[in-house]
Amino acid sequence: MNRTFTFALAVLMLLAMPFSLMAQKNGELWLDTEGTHINAHGGNIIKYGDKFYWYGENRPYRGFTTEVGVSVYSSTDLRTWTNEGVALAVSDIKGHDIERGCIMERPKVLYNAKTKKFVMLFHLELKGRGYEAARVAFAESDTPVGPFRYIRSTRVNAGKWPFDMNKAQRKAAQKTDAAAWKDWWTPEWRAETEKGMYLWRDFNGGQMSRDMTVYIDDDGKAYHITSSQENLTLLVSELTDDYLDFTGKYNMVAPGGQNEAPTILKHDGTYWLICSGCTGWAPNRARMFSSRSIWGPWKQHESPFTGANATYRNFPADKTFGGQGTYILDLQSLGKESLSASQYLFMADIWNPEHLSQSLHIWLPIQFTADGTPRIEWRETIGKK
Ligand code: GAL
């Protein structure tokens with residue numbers, strides 16, 4: 001073989017290599033098999049058959065609104081991702097809930113073993129109305145890659161009290177008046193908020209629902225966890241058996257705590273909820289709660305992010321290394337324990353508000369300290385150390 005030929009062959013082989021095998025470094029672009037950065041943000045991953053499916057926001061290079069819909073990628077190893085196109089597309093019908101130009105955020109897909117359907121829940125904002133609609137939307141599909149059929153959007157738990165609020169607490173909430181408070185963050189405002197001022201304001205029309213996640217428990221019951229009441233309070237709500245509606249049973253977590261971007265795992269019988277604060281696209285210090293029951297009581301802990309030296313581009317542990325959580329992958333339940341020394345991977349987005357499609361993905365192993373508390377350090381890769 002002459003030299004030029006050998007060189008050309010080597011170049012060709014390099015080009016043919018899946019781009020993603022060369023990428024997947026935290027804090028860098030993650031390329032799909034076509035060499036394009038994975039445009040699936042704020043999403044989640046499920047396993048079906050012998051494949052993994054990654055759903056997420058398909059974001060534009062410029063602007064904030066949803067012009068395409070929800071993306072889906074597939075993989076057999078959680079490393080090499082093939083773009084499967086659009087799982088749920090925006091509508092071209094004027095006035096439709098998901099009309100092009102709406103905002104679809106934080107899509108999460110669940111496989112329902114009973115109905116054998118794929119159910120998608122996501123945060124929906126109606127076109128031209130900023131973030132005021134604050135709804136959750138449902139879509140369904142017979143196959144993992146879709147197309148998903150849009151079903152409806154709604155506020156949550158209209159006309160329902162949190163199941164654990166007693167008579168006296170309900171009465172106190174009904175005496176509050178959100179319209180009377182122009183100034184937020186005063187001690188008086190805080191006291192009224194903790195009594196359920198925003199819960200009462202939205203009682204009849206339904207509670208707000210913005211950043212959200214879903215969780216299927218060991219018994220197959222699914223829960224929707226969302227940032228509600230002006231992003232002040234998290235709600236945990238039980239879904240019906242088909243995952244297409246709410247049963248009406250719900251409660252509040254950390255009222256007034258301003259938690260967003262909820263993610264959850266269950267380890268040795270304890271639920272761990274890892275959230276962010278509310279600073280838009282900018283990173284902040286994560287928050288963590290634990291409970292022996294999905295219904296609480298939840299105990300607050302320090303942020304699990306740690307590591308004095310490790311920073312990602314000047315973003316230290318107390319800025320979540322520049323990221324905001326979106327989902328926790330349980331590698332054991334996905335049959336992929338060999339991928340990382342840790343059973344769980346914290347999936348987060350490093351948002352790029354100038355070019356949202358280019359927002360970066362970081363997956364960080366969740367370790368447990370000797371007393372069983374999660375801790376997360378910066379790592380360049382998800383691989384075993
Ligand atoms: C973040 C939220 C994102 C998106 C963004 C808009 O706080 O987690 O999902 O809503 O605000 O500014």
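How many salt bridges does the structure hold? The structure holds 24 salt bridges, each defined as a side-chain nitrogen of Lys or Arg within 4 Å of a carboxyl oxygen of Asp or Glu. The model is predicted, with local features requiring pLDDT of at least 70 and side-chain atom pairs pLDDT 80 or more, while totals for chains, interfaces and linings use all residues. Residues are numbered from 1 along each chain as its sequence is written, and side-chain values use heavy atoms, without hydrogens and water.

**View 1. The salt bridge between Glu57 and Arg59.** The closest N and O atoms of Glu57 and Arg59 are 2.8 Å apart. Both Glu57 and Arg59 are buried (buried, under 20% relative accessible area; exposed, over 50%; partly exposed, in between; 1.4 Å probe, protein chains only).

**View 2. The salt bridge between Glu125 and Arg210.** The closest N and O atoms are 3.7 Å apart. Glu125 belongs to strand 6 (residues 117-125) and Arg210 to the loop between helix 5 (197-201) and strand 9 (212-216), so the pair ties together parts 85 residues apart in sequence. Helices (H or I, at least four residues) and strands (E, at least two) are DSSP runs, numbered from the N terminus. Glu125 is buried at 0% relative accessibility, and Arg210 is buried at 12%.

**View 3. The salt bridge between Asp241 and Lys221.** The N to O distance is 3.8 Å. Asp241 is partly exposed, with a relative accessible area of 46%; Lys221 is also partly exposed, at 28%.

**View 4. A network of salt bridges.** Lys117, Glu140, Asp142 and Arg149 are its linked members.
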